[in-house]
Every structure is written in structure tokens, then in C-alpha cells.
Amino acid sequence: MFTKRVFLILSVFYIAFLSLSWVWAEEQKTPETNLASYDPKTLVFVTNRDSSDVAVIDTKTDKVITRISLEAFANSHMAMLTNDGKKMLVSATGRDQFLIVDLATQKIEKMIKTGQSPEHFDITIDDQLAYVGNMQDSTVSVVDLKEGKEVKRMAGFFEPHGFSVLPGNSKVYVSNFGAHEVRAIDIPSQQIAKRLAIGDVHHAAIRDPERYMSELKGIANPTMTIDGRFIYAADGDSGAVGIIDTRTDRVIKTIKVGDAPWRAYASPDGLFMLVLNNGDATISVINTKRQEVVTTLKGGIEMTGVNFAQDGKKAYIISRGDSAVYVYDMNSFKMVNRLKIGTNLALETAATTADGTKIYLASSTDDSVYIIDSASDQVKRIANVGRFPWGVTILGSASPNYCH
Amino acid sequence: MRRLLFLVVSIALISSGSVRAQEGQANDAGVSLSERVKTLEERLEKLDKVEVVKQVVEYMCPGGEIYDSLPPDGHCPDGSVTEERKTFKKIAFSRRESLSEKIEAALQEAEAKRVVIGGSARGILQQVIHSREEDKLFGEGSVDFFFLSRPMAGTIFFADLEAVGGAGPDEAVGSLSRLNTDAETFGVGVTDQVKVREAWLHMSLMGDRVKAVVGKIDLTNYFDRNSVANDETAKFLNTALVNNPLLAQPPNGPGLAVRYEPGREIGAGIGLQSPDNSGSTIVEKVYAIAELDYHTHLLFAREGNYRFWGKIGRDADDLDNKTWGVGISLDQQMSTRITAFARAGVGRTEDESRNAHAWSTGLEIGSPFKALIKDRAGFAFSRQVEEDGSESIGEGYYNHFLTERLAVAFDLQWLFSGKNQITGEKNENLLIPGFRTTINF
């Protein structure tokens, strides 16, 4: 009788202990945020490469409202929202997958097998197709976003690094970082329409071919003008920007810029292209009407991106080497500010809010996102957004989104 | 009993359930294992890949369009001409493949950077028979070393040091045409010396269509060439059968030669050179030559080369006297073994009262024996008429290769008639048999 009573008491205590533990564990969990209740244009999506998730920041409160898990070893590189704002698309470089995430449920809807090491991509305006560049095996995966499957894998590229889909969904331009050429893919037929040579490295290489054999700096991105009429493709080895007429697919002009240009960035008013020359730490400003360099600005070391703000009146240029952001007035082309973000920080990419008032800048080495108020140039930090934040994107950004 | 039955049934059910569960687990484990192996294989493939930058050739249209191979008829869709570009691409290889590529590239690089040293030596004995003077045996020898390197892609640096000893039979015969070209490499009477014969930089431009040579050059390497009669080390010895006498090229000196050879029927070249080795008169008293080449298979359906040249220059003895000349040099293959050649030219020096002219013609015959495939025989006649006199001469030779690098030749020149430029007397029916040994190393 006594044994039975002791056994009963111990059982009650044990059950009570389990119940309390469960309650405590549940309390420790981040409360599930219903993203469907947010305007997607007010959210910032930050891909964290090492924690394999995407941090979502509310631009009203500047707080991380949720972190969407992409499951182990995703090593996510770039994220983008579909134009309807319902799905998030992520390149999971570590798993060779392209992910479609439903924002309402924050769950991965489709894991689509791609080529090796997918990084950058672009989607058609109708949210039907995504073109994903697989850096490792130099292929391009064509993903049907509605069906959630890879419909074609196109081979023969050389590190397909950058993508630009024309507004009418007729063509997508792919830049090869491992070659000096841009390719145009005809979207209806899914065939290569044109291969276009950029730059004149073949002339320079006659004198010193070994220089170009040791390291190749090709074309990072085919940057489209805002109206979609031209593509500006900067070739790193030749220090030149080739302008492609998207109607004829001909290189109509080649402009000499600074040394080792990274890529061109279009100003939202469509008037300028800013080319970051990392070889000589300068910025070439190209007037898109005259198609010529109108001025060359002094820049920083290892520049990784340009964000326009305040209706395009200001340009923020990220310098990873200086851990700083350079601010230029786009009317006078004068440097108006130099924002020293920190020391030994690796500043990666940034996105501008839809109203152009704030810039969200990912800093990978301190797991932070820095917020720049474009009116006052004051900087605020959000710490612990995830491990190694890399790509930042905002739907309907006032400055074209980019990755690197 | 009932309890026992219940126990047995229970154990049987539990056992069967356990077996099924184990089978399911085994199946799951098999699937999981194959997936893991597949994942590992994919990761291994990634690890096994390395990227290598390679130089590739592409063809480019003015609008930037690229083709991997030359488009049909070499034209772009809009009819414009393609440009060949040697560009670079990053290509992924498996590690092993890359290693062999790297070794091959390193060997090629070492080969390209290597300074090539070569040379040749010649010994020539010539006997003069039936001269007015005492018939004599003349010995002459020469040796040259050349150095060749590639300082940059598309360029070659070449330097040739030559030593000549012995003057040859013209020391006594004084022929107008000159009986031993090898003895007078540095000029008439210049012997027993070591000199830099040539030192130049050769550049290939515009996809090898344009070739330029600058430095101390020998213009006869680029103009008035002839496949039958243009090499005193292996073919005819007489200077009139090496180049047109009216070419009157200056001794090797600072100059420039540019040739355009698009790889079709027509080619062209232009050469400029100082009238002497000093280079001090290169602008004022330049020797200039231009040539148009025509290569065809019209006759006998065999290769024929026709060259037309014109030159202006200065008299080597008096640089104030201008000279001009025009000429033709052709060689036409007539059969697999027989090739004919001809040269002709007319020219004048400013202070002379009449035009000089010269012509020569002959045949080269290949060996009919397979074992002696490199052996050649040649027969030629030359006539030249200048203000200082005229001369007719015939020459025949047989060049026999003992080994790849050692050749001996018997040569016979017959000076039909001419004037001894030293004594002023007449040379008539002189025979000059000779023996030439050539070693290449």
C-alpha cells in the first residue's frame, strides 16, 4: 500500500515536471509572425549564408520580425520576391537548389534541383520563369515558377553571373564572369539568340597574354537601362563598358572607363550609369543619353554596390575595403559624405526602401544590418540578423536591387 | 490453456510486426544510403573540379556577335568581314585533366621562352680554269650563329653573327656578276671579319596578316625572293643567281620591312633601309623598295609565284647619285620535280648615260630517288648589261645531302664572256668548278 502511494506521488511530480518543461520550451520559441499581414514592400529580406535562413526586417520598426529557415546547408546567396509579393525565391548555393518559399506560411514550397552552385537569377515580369546562374558548372537553369520545376538547363556559359530580363519578357541577357561576352537568350524558344563580345582584351592581350591567363575578370552584370533599351556590360579585364542595343542585339558602342570595372548601376531616373572601377578606386559616371563618360569620381577600395535614395538625388556607394559608404550628390557629382560604418567590416550589398528614405546594408563579418537614413545620413545597427548576411532585397525598391 | 493460447498468439503477432518493421527500416536505410552516396558523389565531383583560364580563338563581327568557328565564306550576316580574336575563358576541368593541361602549358611556356641557338658553317673551294692569269684554287669559309627568342607573343627577336674568311675567285677574275656570294656577305673585299649580320625584331599583326621587321635587316629576305635561285648556301653560288643585280640593295643596315599577306593570291610589301650600316642617312638618302606578289596555280595547275618590284636608292659608291630600278622574279612549278625560274630587271643610276638591264633563267630539278629526296640539281643562265660592261654566265650544281645536317655540292660556273672589273681585260670562257660543304647545327 505504501509503495503504491509513493509510486503515485512520483508519477504526478514527473508529469508536472514534463508539463512545465514543455510550457517553458514553447515560451522560448519566437512567436510566429504572419507575414501576410504586412505590405511586402515594407519588408527587407536578408539572406544569411552561414545560418541558411532569411531574416525579415520590418522597415517601420527596424526589427527582425522573423527568420525563415531554408534548412541545413542551404548557404543561401540571393533572395528575390515575386512581383506579386507572395513568394520568396532563394538560390540555395550549398545544396544546388532553387527554393520557392511561401511568405504566408514561411515554408519552403518547392526545392528545385539546379546545376552546381546557383547564385544569381532574374525572373520574368509575369512571375512565370526564373533564370538561375549555376557558377560551378557554368549552366543556366530555367525554372518554371508556377510548376515549381527546372524545365531546361542550358550549358556552355562561363560562370553565368548576372541576369537581366527585358521588360516585355522577350529576352534575358546573361553575363559571363569567366569570359568576355554577354549572351542573349530568346525566352519563347529558350535558345541562345546572340553571343556578344565585350571589350577589347584580345588586343591588349597580344602584348601580355600571361596577365590574362592568371586571373580573368569578365562581366559581372548586364545592367539594363530603366527603359530596357540598352544593356551596359562592364568588362573587368579591358576596362571598358559595351553598350548593347536590345532591339538589334548589337554592341553599338564601347566606352573606356577606369581600371577593372566591377559593373554598372542604373540611376532610377534613367539618366546615368555608375560604373565602379575597383582597379583604380574610381567611379565612371556615364550619361545614358550621350552614351559617354561625363565625369569620373574618386571612390573607395573594393566597391560592391550602389544605392540611390532621395528620388535619385543621392548615390550611396559601398566600399568593402574601407568599411565605409561614400555619399554623392547626383546633381553636382560631389562627394557629400563618407560614412565610416566600422573597422574591418565586410560590407556586402544593400537595398533602398520603396520610398527612398532608408538603405539597409548587410555587413557579413559582424552579422549585422546597418540602416542609413538617407535624409540625415545617420546610421543605425541591427545586430544578430543571422550568420553572414549577404544579399538584401526590397520589393519595389526605389533603387534597382542587386547582389554580388 | 486459454491464457497459454493468448500468450502464443500475442508473441506471434508481436514477432511478425517486428519483422515487418525491420524490413521497412532496412528499405528506408537502403534508400537513404543511396541518396547519401549520390550526394557524396556530387560533392566529390565539385571538389574534383578546378577552373583554368584558357586562351581561345573566336570570330567576331563589327556588331560584337561571336562565332566559335569562321562563318561560311568568312562573312557576318550583314556581309561585313569577321575579325579573329584570341580571348580568354575560364573553363572547369577535373583536377587530373587540369594537371596534365598545366604540365603541357608549362612545357609550352618554357619552350616559348627558350632562346634558340643555331648556326651553320660552309666551306667552298673554287678552281679557276682558263683564265688569263695563273689558274688558281680559291678557298673560302664562313660560319654563322643565330639566336632566336620570343620576348612577347607574336614577336621574334633574331640576331645573326657571321664570320667570313677568304675572298673567293673574284679576287682574280673580277667578274661583274660575282662568282661567290657567300664570300661577299659583308660586301666586296670585306673578309676575315666577324660581324652582326642581322639583328631584328619581327612582329605579326592583324592575325598574322601583317608582318613587320625592324632592326638591322637584309632586304633580300623579304623582296625579290625566288624559290629556285635565292640561296647561296644550298643553290646557285653566283650573285646574279641569288638576287637581281639591279636590285643593288645596300649592305645590311638599319631598316624596316612590312609585308601584307592576307593568305590569298595577292600580297604586298614595302621596305626602307639606310644606304649604309651607319644609319646616319636613313631619312635623307633612304633605300626604298615596294613589291607586289601574285601567287597562282593557273599554269600546270601547280604553284607559281610572281613578284614585281620597284626601288629607288643611292649608288653605293656615291650616295649623292640616285638610282632606280624595276624588276620581276618568278618561279613556277612545272612538274613534281621540276621548277623553272626567271628574273629580269631594268634600272639606272643618275650619272649613267643608259639604262642597265639584267635577266636570268633556269631550272631546278629534284632527285628522282626516294633515298635522296632532298637532293637538288640546278641549271641557270644569267646576262647582265651595265655601263661598266656586260657579262654572260651559266651555272649548274648538284647538292647532295649526306645527312639531315650535312650537305655537299658540286658547282660549275661558266663565264662565257665579260670584263674583268679589276684589270679591265676580257674574261672569256672561264670555267670555275667548285665544291661546297654545308653543315647546319
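Reply: Happy to. Let's begin with Arg338(A), which sits in strand β27 of chain A, the run of residues 334-340. Please keep in mind that this is a predicted model.

How open is this arginine? If we set aside the neighbours within four places in sequence, Arg338(A) is in contact with Asp322(A), Ala324(A), Val325(A) and Tyr326(A). Another tyrosine to look at is Tyr316(A): 22 residues separate Tyr316(A) from Arg338(A) along the chain, and their C-alpha atoms are 9.3 Å apart.

Arg195(A) makes a salt bridge to Asp68(B), with 3.0 Å between the closest N and O atoms. The count of salt bridges between the two chains is six. Nine residue pairs are found in polar contact across this interface. On the chain B side, the elements that each give two or more residues are α1 (2-48), β1 (49-60), β2 (66-67), β3 (83-94) and α2 (95-113). Of these, β3(B) provides the largest share, nine residues. By type, the residues on this side of chain B divide into 18 charged, ten nonpolar and four polar.

As for the extent of the interface, 33 residues of chain A and 32 residues of chain B are in contact with each other. About 2700 Å² is buried between the chains, and carbon and sulfur atoms give 50% of that area.

Finally, let's turn to the cysteines. The count is one disulfide over all chains, and Cys61(B) and Cys76(B) form a disulfide with an S to S distance of 2.2 Å. The pair links distant parts of chain B, 15 residues apart: Cys61(B) is in the loop between β1 and β2, while Cys76(B) is in the loop between β2 and β3. The torsion about their S-S bond is about -110°, so this disulfide is left-handed. Cys61(B) is buried, at 6% relative accessible area, and Cys76(B) is buried as well, at 5%. Over in chain A, Cys403(A) has a relative accessibility of 8%, so this cysteine counts as buried.

Note on methods: Residues numbered from 1 in each chain as written. Chains lettered and ligands numbered in written order. Predicted model: local features only at pLDDT ≥ 70, side-chain atom pairs only at ≥ 80, totals over all residues. Heavy atoms only, no water. Contact = heavy atoms within 4.5 Å. Buried area = accessible area lost by both parts, 1.4 Å probe. Salt bridge = Lys/Arg side-chain N within 4 Å of Asp/Glu carboxyl O. Polar contact = N/O pair within 3.5 Å; in protein donor to acceptor, adjacent residues only side chain to side chain. Helix = DSSP H or I, 4+ residues; strand = E, 2+ residues; numbered from the N terminus. Nonpolar A, V, L, I, M, F, W, Y, C, P; charged D, E, K, R; others polar. Disulfide = S-S within 2.5 Å. Buried < 20%, exposed > 50% of the residue type's maximum accessible area, 1.4 Å probe, protein only.
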